[in-house]
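Please find below a colleague's note on the structure shown here. The points are meant to be read with the coordinates open.

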Amino acid sequence: MANAKDILKKNMSQQNYDKLVVLDNEKLFNFVADAIKLTNPASVFVCTDKPEDMQYIRELAIKTGEEKKLKTKGHTYHFDGYSDQGRDKSVTKYLLTKGSKLEPVLSHVEKSEGLNELNSFFKDSMVGREMIVCFFCLGPTNSEFSISCAQITDSPYVAHSESILYRWGYEQFKKVGTGSNFFRFMHTEGELEGGVSKNKEKRRIYIDVEDDIVYSVNTQYAGNTVGLKKLALRLTINKASKEGWLAEHMFVMGAHGPNGRITYFTGAFPSACGKTSTAMISGQTIIGDDIAYLRKIDGKIKCVNVEKGVFGIIQDVNPDNDPAIYKALTDPGEVIFSNVLIKDGKPYWLGMGQELPKDGVNHSGQWQAGNKDANGDEITASHKNARYTLNISELANRDPRIDDSEGVEVGGIIYGGRDSDTWVPIEQALNWTEGIISKGASIESETTAATLGKEGVRTFNIMANMDFLPLPMGKYIQNNLDFANDIENPAPIFSVNYFLRNKEGKYLNGILDKKVWILWAELRVNGDVDAIKTPTGWIPKYEDLVKLFNNNLKKDYTKESYEQQFTTRIQEQLAKIDRIEKIYEENADTPKLVFKTFNAIKARLKDA
Ligand code: SPV
Ligand code: MN
């Protein structure tokens, strides 16, 4: 068999070969050489951290037509296929060897079978195309948190997105050294038709946690293809579990308290439940909006944003709700819009705060208001899961410590869902154990457009990480419980619910009210306000909320609103615990403490 370096030499230009070989990493050489043999690209481009290499990727995305320029400088748009608009859970599976103890819990395919399938889909998939080999780092570079990654893709849109979303990692990669580990991602968009992946039935996203490698084929939607995002999260949760830290589906934001005090919060919410908008609350500062690593350093919980950009939902971003994002989306600067409506070189989306054109081009092709799809469903102007990709450094509300390699101290942890009838708008758990079990491990949410499938179905979503768990839930809960073991004062844990409704189905809160809940939590973490103890946790006192509403939203907060929002819904709470307990009862490895905790809360609820 030919040596990897010989294959590289034969198939790469001298310049690109040189960029690769200085990394002096046998495993990397094999990865690229094997990919070349299998996919047969016309050429190979190795992307270093040099600005001219990144510029080459941007231009390649335009040249191949995967992105098109918009009128505003730096702005481009991209469309994914009509049926490629969200994470496709049905074809996202773990590659497990027969007899693996994870087989009963994870959606999986037998490894050799899965690899055979992938081989047949990857075979010659890059004929006539350029293969891109690029390097990024999860977490800040030169940090205890850093994880080096190598991505192979034939999609310049994917590489371009990654260059916005992740710290550039070519220089960092030089430190990896032969023999040590790094994450590998291999993607092909497969055969294209009208610029989008054609073979939907051959779409696969397969994850191999034993070898830290993820394969993605016949898809373009970033949640299925951008290796470092949700694909890496699965590898990282596995790594973190072995090493005693946490990899979470969490934002990181700085809440600004009195006298210039900044308290950092992390928050886990299922997709499209207000995670990004919480990280972007006006007057506060953002570190990250999607994925965080939490480690114990010097007896404290520290966290970093795994990313450096935002792949955010664009629907309802308007000057009133999200002024900072709206500005970044309308000023010149590097932005990729995906699956929005385009007319005369300008992007439009639902809820942008202005009237939309009645026609244009969108993810369905030439579009006119009222158009229906093959199922007879109306095609909206922009897709509900249409997104923007931009650098956090473009945002006026970026936190000064976005790239702090030591991370920021976690002051509080927030868990949220989309729940119309149970949780109060904000509540602090009585302690870490109750926070992990009755808040994080009890998240339920109505499904949204971020994943393919029916919307609005109440779904259990442990720590908002359910889709990404590479291990049994019981083990994951135990990891979370244990995380605080040797910490003197672990960060308080809160739950929030922005989606509470009254009996008539009307929302009980305004979109901007989240600012008050978070600022209350900020005061609470710092011991500035008292709270009322309920069977499920600590809730705010009315008079503290009156002040916060007044000072921050110029709103009168009535006693009636308070009572509607903060009354403990005993029956609903009990029913919820029953639903969640049932899930854990069916799960063999649930820690006993889970049931003990639920029983204690149920007893308190019944007493009340
Ligand atoms: C989410 O759906 O949670 C996202 C976008 O953050 S995706 O990349 O699709 O995961
Ligand atoms: Mn997410």
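This is a predicted model: local features need pLDDT of at least 70, side-chain atom pairs count only at pLDDT 80 or more; totals for chains, interfaces and linings use all residues.

1. The manganese ion (ligand 2) has three protein donor atoms listed here by residue: Lys230 through NZ, His249 through NE2 and Asp290 through OD. These donors lie 2.1 to 2.3 Å from the ion.

2. Along the chain, the donors of the manganese ion (ligand 2) are spaced as K-x18-H-x40-D. His249 is placed in the loop between β14 (246–248) and β15 (250–256), and Asp290 in the loop between β17 (285–288) and β18 (292–297), so this pair ties together parts that are 41 residues apart in sequence. Both His249 and Asp290 are buried.

3. Which residues surround ligand 1? They are Arg87, Tyr221, Gly223, Lys229, Lys230, His249, Ser271, Asp290, Phe311, Arg387 and Ala450.

4. The corresponding distance is 2.9 Å for Arg87 and 3.2 Å for His249. The protein covers 96% of the 280 Å² of accessible area that ligand 1 has on its own.

5. Where does ligand 1 sit? Its place is in the largest pocket.

6. Thr219 is located in the loop between β13 (213–217) and α8 (222–225). Its relative accessibility is 0%, and Thr219 therefore counts as buried, the cut-off being under 20%. The side chain of Thr219 makes a polar contact of 2.8 Å with the side chain of Asp84.

7. Is Val317 buried or exposed? Val317 is buried, because its relative accessible area of 3% falls under the 20% limit. This residue belongs to the loop between β20 (309–313) and α11 (323–330). Between Val317 and Arg203 there are 31 Å in space, C-alpha to C-alpha, and the two residues are 114 apart in sequence.

Key
Residues are numbered from 1 along each chain as its sequence is written. Chains are lettered from A and ligands numbered from 1 in the order in which they are written. Side-chain values use heavy atoms; hydrogens and water are left out. Donors are N, O and S atoms within 2.8 Å of the metal (3.2 Å for Na, K and Ca); water is not among the atoms, so sites may look incomplete. Helices (H or I, at least four residues) and strands (E, at least two) are DSSP runs, numbered from the N terminus. Buried means under 20% relative accessible area, exposed over 50%, partly exposed in between (1.4 Å probe, protein chains only). A residue is near a molecule or strand if one of its heavy atoms lies within 4 Å of it. A polar contact is a pair of N or O atoms within 3.5 Å; within protein, one must be able to donate a hydrogen and the other to accept it, and residues adjacent in sequence count only if both atoms are side-chain atoms. Accessible areas come from the Shrake-Rupley method with a 1.4 Å probe; for residues, only the protein chains shown count as cover. On a 1 Å grid over the protein atoms alone, a cavity is a set of points where a 1.4 Å probe fits but cannot get out, and a pocket is an open set with protein on both sides within 12 Å along at least five of seven lines; lining residues have an atom within 4 Å of a point. A molecule sits in a cavity or pocket if more than half of its atoms lie within 2 Å of its grid points.
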